[in-house]
Amino acid sequence: MTNANPPLTELGAWHALGQHFNTVKTLHLRDMFAQDPKRGQRMTAEAAGLFLDYSKNRVTEETFQLLLKLAAESGLREHIDAMFKGEKINITEDRAVLHVALRAPKSATIMVDGENVVPKVYAELKKMAAISDKIRSGAWKGHTGKRIRNVVNIGIGGSDLGPVMAYEALKHYSERGLNFRFVSNVDGIDFVEATRDLKPAETLFIVSSKTFTTLETMTNAQSARDWLLKGLGGATKAIAKHFVAVSTNAEKVSAFGIDTANMVGFWDWVGGRYSMDSAIGLSTMIAIGPKNFRAMLDGFHEMDEHFRTAPFERNLPVLMGLLAVWYNDFFGAQTVAVLPYEQYLKRFPAYLQQLTMESNGKHVTLAGKTVQYDTGPVYWGEPGTNGQHSFYQLIHQGTRLIPCDFIAFGHALSPLGRHHDILLANVFAQGEALAFGKTPEQVKAAGTPDWLVPHKVFEGNRPSNTILVDKLTPAALGKLVALYEHSVFTQGIIWQIDSFDQWGVELGKVLAQNIVPELESKKEPELKHDSSTNNLILRYRAVKSPKKKGARKA
């Protein structure tokens, strides 16, 4: 489905928002709340067990009406329907975009090229469950007859960020008798440290690569193979009992030595950054069990259905997506801070970095035209309260506007004295401080000397969302991830870009493939790069082999 709408900058709502911005940009949240005592109750939305307070945003009712009009003029509803119907909305790769099919109920029908893909999804889930149950029960024995106690996931991008985030987020529900490690970086230190204290006889590797050719993943997989064989006396038949593949390339999987019966797959209509609930999540299922994994999928689906059916004025992902566009394109905000007040979600901001920036970091429209506005803000963050003693200084008193998403839970998974009350008090206090700040008069009233007053003033008027959830369960994690997935989709539709390709990942990887043999060549290579790259290659070769006679100095 291509975008048949006029260019974004020609839409009536876009022009109206630009004019409206000039009237609201100087409004302060202090005044907005003073003039509307019920603003804090009115500007909230709730769905699928998630409560969103968006009242501390620099918006009026007119702002929202114009943003909703922009969504309508952009054809957001039609694009949502197209995605859920399996239309090929990833136009540069001619692919459907159906991560929603990964968590659809078994009775659903979702067609791609005339075929219902839901039975395929459930067939792979059944394979995953069989592998998970065997490992969790101890029935899966390694080459020497010992049970598997260590699971090492090897992947990169979505094949790593999703599984490691989900494992950390759901560690409370994980099988503690198993150790889980994650290797992604081609830097050998990542693999060495992940396996340093493991016994090969008790270790299973999950190699996640759709094509089984990804350079970083397969380099690490080969090192894993070498490490295992060295530890088990070189018996190549051991590979079959210590490796599982998440791939679609049975030929290469078999050539590696992995039994294709222990191969699970996914499809080209699942983008890497949207794949944590596919077979890529095998390590997650092993950790938390098939039942909890199913609960996570159900949570995803519940938010999917809310996004698909709810009116935009009460639609959580749409509201968050439209607010992101508002700050990005009218206030010029370049970043968004995601601040989970939950230690288990410590990798959630890192996960969102790929989801958001690989999706919407685009400079051309669906029509191939250069965009005339900003897309894809930088997402970043850390769990609270750590960030409060780090970068919050800049958010509160710096010169840049940084919209924030606070995420908090009503119940602690591991209650400990007063900890959770103090944690939640900090969430609420930070949102309040960002919105309302502290005036010079308030600072003076506290007895501050005149010379120190400017340093203690907080301007306020710093926007934030607060997302409250009852408890961090597998279902809740699915809902949170889907919330951001669909917010990203909403932003991409407004900006008229393809949120589902990632050509920007390719160029550097292709060039690296060309440089590798130049670094490894025993003979001095003929270099045809720019002078800087040539010099760096020569410098590295000299450092790598300092005693080599005749080595040209960089």
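A helix is a DSSP run of H or I with at least four residues, a strand is a run of E with at least two, and both are numbered from the N terminus. By that numbering, helix 17 gives the most to the lining of the second largest pocket, with 6 residues. The structure shown is a predicted model, in which local features need pLDDT of at least 70 and side-chain atom pairs count only at pLDDT 80 or more, while totals for chains, interfaces and linings use all residues. Residues are numbered from 1 along each chain as its sequence is written, and side-chain values use heavy atoms, with hydrogens and water left out.

**Pockets**

- A pocket is defined on a 1 Å grid over the protein atoms alone, as an open set of points with protein on both sides within 12 Å along at least five of seven lines; a cavity is a set of points where a 1.4 Å probe fits but cannot get out; lining residues have an atom within 4 Å of a point.
- Grid points are joined across faces, edges and corners, and a volume is the space filled by probe spheres set on the points.
- The largest pocket holds about 1100 Å³ of space. Its lining comprises 41 residues, and those closest to the centre are Thr214, Gln502, Val505, Glu506 and Lys509.
- Helix 7, helix 9 (215-231), helix 15 and helix 21 (506-520) each supply at least two residues of this lining, and the largest share, 5 residues, comes from helix 21.
- Residues are classed as nonpolar (Ala, Val, Leu, Ile, Met, Phe, Trp, Tyr, Cys and Pro), charged (Asp, Glu, Lys and Arg) or polar (the others, Gly among them). The lining of the largest pocket has 15 nonpolar, 17 polar and 9 charged residues.
- The second largest pocket has a volume of about 500 Å³. Of its 21 lining residues, Ala412, Ser414, His419, His420 and Leu423 lie nearest the centre.
- By class, the lining of the second largest pocket has 7 nonpolar, 9 polar and 5 charged residues.

**The largest cavity**

- A search of the whole structure finds 3 cavities of 30 Å³ or more, and the largest cavity has a volume of about 140 Å³.
- The largest cavity is lined by 19 residues; Ala324, Val336, Pro403, Asp405 and Asn465 are those nearest its centre.
- Helix 14 (316-331) provides the largest share of this lining, 5 residues. Among the other elements that supply at least two residues are strand 10, strand 12 and helix 20.
- The lining of the largest cavity has 12 nonpolar, 6 polar and 1 charged residues.

- Helix 15 (residues 348-360) has 13 residues and reaches 18 Å from its first C-alpha to its last, close to the expected 18 Å. The expected span of a helix is 1.5 Å times one less than its number of residues.
- Several residues of helix 15 are buried, including Phe348, Tyr351, Leu352 and Leu355. Here buried means under 20% relative accessible area, exposed means over 50%, and partly exposed lies in between (1.4 Å probe, protein chains only).
- The buried residues of helix 15 pack against helix 7 (158-169), strand 10 (335-340), strand 11 (378-380), strand 12 (404-409) and helix 20 (474-495).
- Helix 20 has 22 residues and spans 32 Å between its first and last C-alpha, close to the 32 Å expected. Of those 22 residues, 21 are buried.
- Gln496, which follows helix 20, has a positive phi, near 60 degrees.

- Leu434 is found in helix 17 (residues 419-436) and counts as buried because its relative accessibility is 2%.
- Leaving aside neighbours within four places in sequence, Leu434 is in contact (heavy atoms within 4.5 Å) with Ile395, His396, Cys404, Phe406, Gly460, Asn461 and Arg462.
- Asn534 lies in helix 22 (residues 531-544) and counts as buried because its relative accessibility is 16%.

**Aromatic pairs**

- Rings of Phe, Tyr and Trp (its six-membered ring) pair if their centres lie within 6.5 Å; planes under 30 degrees apart count as stacked, over 60 as edge-to-face and the rest as tilted. The structure holds 25 aromatic pairs.
- Phe21 and Phe331 form an edge-to-face pair, 4.9 Å centre to centre with 85 degrees between the planes. This pair links distant parts of the chain, with Phe21 in helix 1 (residues 12-24) and Phe331 in helix 14, 310 residues apart.
- Tyr327 and Phe331 form a tilted pair, 5.5 Å centre to centre with 45 degrees between the planes. Because they are 4 residues apart in helix 14, Tyr327 and Phe331 are separated by about one helical turn.
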